[in-house]
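Look at the structure first, then read on.

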Amino acid sequence: MSDVLAANRDALIAAARTAMGTAYAPYSGFHVGAALLFDDGAIVTGANFENASYGLSLCAETVACSIAAHGGRRGGLLAVAVLGGMQGRVDAAISPCGRCRQILNELAALGGTDPLVLCVGERDVVEMRLSVLLPNAFGPANLA
Ligand code: THU
């Protein structure tokens, strides 16, 4: 584990949990929080933002990536924590959906990192590299 991740792991998980509190999920009732850790120690968070046109809903990881990109971040992504549950009651660990894996991959690929994804449950944290969740990813290098 990198020093930056070791020093910020607990804060990253806590940030994802706090972010979940801002979820707007009146349709599914499933509240999700995500937190991104960058190599300078910065943490950027997001929560899901649903839409009355259900399919347009934005996942927590997507919102966090959008905020990070808008803040000027282009890579340096070391780790991602995600957690969620009905009305914010976290039970089983959840992992990023397919679309979010692809969006996370864009931010990671820009800086050449393979972030550790912390899937946070109430009793356990399941850790996987993004490359394991999204093997053989299509990314910016394919369009260079
Ligand atoms: N959701 C996320 O925010 N992240 C994921 O990785 C999986 C699903 C949200 C989308 C929707 O608002 C709710 O969870 C139920 O699918």
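Helices (H or I, at least four residues) and strands (E, at least two) are DSSP runs, numbered from the N terminus. This is a predicted model, where local features need pLDDT of at least 70, side-chain atom pairs count only at pLDDT 80 or more, and totals for chains, interfaces and linings use all residues. Residues are numbered from 1 along each chain as its sequence is written, and side-chain values use heavy atoms, with hydrogens and water left out.

Start with the largest pocket. On a 1 Å grid over the protein atoms alone, a pocket is an open set of points where a 1.4 Å probe fits, with protein on both sides within 12 Å along at least five of seven lines; lining residues have an atom within 4 Å of a point. E1 and H2 each supply at least two residues of this lining. Of the 14 lining residues, Phe 30, Val 32, Asn 48, Cys 59 and Glu 61 are the closest to the centre.

The ligand sits in this pocket (more than half of its atoms lie within 2 Å of the grid points). Strand E1 (30-38) and helix H2 (60-70) each give at least two residues to the shell around the ligand.

Now look at the ligand's oxygen atoms. A polar side-chain atom of Glu 50 lies 2.5 Å from one oxygen atom of the ligand. For Glu 61, a polar side-chain atom lies 2.7 Å from a ligand oxygen atom. Ala 60 uses its backbone: an N or O atom there lies 2.9 Å from an oxygen atom of the ligand.

Note on methods. A polar contact is a pair of N or O atoms within 3.5 Å; within protein, one must be able to donate a hydrogen and the other to accept it, and residues adjacent in sequence count only if both atoms are side-chain atoms.
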